[in-house]
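Here's a quick tour of how this chain packs its inside. Have the viewer open while you read.

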Amino acid sequence: MTDDTARIIEEMREYYSRRAGVYDSSMGYDDPATVGLMAPVIEFMRDLLGGRRVLEIACGPCFWTELISSSAASITATDANASVLEEARKKRLDPGKVSLRQADAYDLSDVPGKFGGAMAVDWFAHVPRSLFHPFLKNLHDKLEKGAVVVLCDQLPKETSITGRYDKEGNHLQERVSPDGKSFSVIKHFLSDEEIASVLSRYCDEAQVRRYPECRRVVVSYRPKILI
């Protein structure tokens, strides 16, 4: 990992740590109309992960965790930021099904056990291009044979594409935290072809479903190299 990559990863972590208290409202998760538009995405993810022991990456305040836990056997929800996990503890998470754990998405060695599923919402779009494969390999190492991986991210708005890129081709956006501090954040909007290229070494086929009505894309696949 280069110094520049390490720096922007830390910058993004600080940004989301500062946003922890307002994250759900900023995403419209407290708006029934917004959540209603996402119903097809939620149901699709519930179906894919139903009955599975799920490892969640970058869970944030656990809006998605709470929804998917209704069908999953269990969810181990991880995030690098203690502040967002504190917000998650305010939710009505079933302690018999959901456990929260502070963990670095790029080093999951301290997360015990193997899992039958993995999910990450609004995470892969923030992974530096140079870390696509290290992240995916580490994730797959935590999964059982036959596991399902579900990656959900956002589709762009008209104002989403900034034209700013760093040296390794990461698309950058400027974000401002609630206390007024400015941050640079990686935000990819990958095409179906780019997604297929990244995942081709791990699976025979990745399914890509786009939901323009709620600006969501869901990628699902079964890693083929697990033993």
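## Inside the fold

In this predicted model, the largest nonpolar core has 39 residues, and those with the most contacts inside it are Tyr29, Met38, Val41, Met45, Trp64, Met119 and Val218. At least two residues of this core come from each of α1, α4, α5, β2, α6, β4, β5 and β8. The largest share is that of α4, with 5 residues. There's also another core lying apart from this one, with 31 residues, including Leu108, Leu151, Cys203 and Val219.

Back in the largest core, Val41 is one of the residues with the most contacts. Leaving aside residues up to four places away in sequence, Val41 touches Trp64, Cys152, Tyr211, Cys214, Arg216 and Val218.

Now for helix α7, which spans residues 132-140. Which of its residues are buried? They are Phe132, Phe135, Leu136, Leu139 and His140. Looking down the axis of α7, you'll find these buried residues within an arc of 125°, so they line one face of the helix.

Last stop, the strands: β2 pairs with β3 (residues 98-102) in the parallel sense, over 5 bridges. Threonine 76 has serine 99 of β3 as its bridge partner. Together with α6, β2 and β3 make a right-handed β-α-β unit.

Key: Residues are numbered from 1 along each chain as its sequence is written. This is a predicted model: local features need pLDDT of at least 70, side-chain atom pairs count only at pLDDT 80 or more; totals for chains, interfaces and linings use all residues. Side-chain values use heavy atoms; hydrogens and water are left out. A nonpolar core is a set of buried Ala, Val, Leu, Ile, Met, Phe, Trp, Tyr and Cys residues joined through side-chain atoms within 4.5 Å. Buried means under 20% relative accessible area, exposed over 50%, partly exposed in between (1.4 Å probe, protein chains only). Helices (H or I, at least four residues) and strands (E, at least two) are DSSP runs, numbered from the N terminus. Contact means heavy atoms within 4.5 Å. The arc is that of the directions from the helix axis to the C-beta atoms. Two strands pair if DSSP finds at least two bridges between them. A crossover is right-handed if, with the strands pointing away from the viewer, the path from the first strand over the helix to the second runs clockwise.
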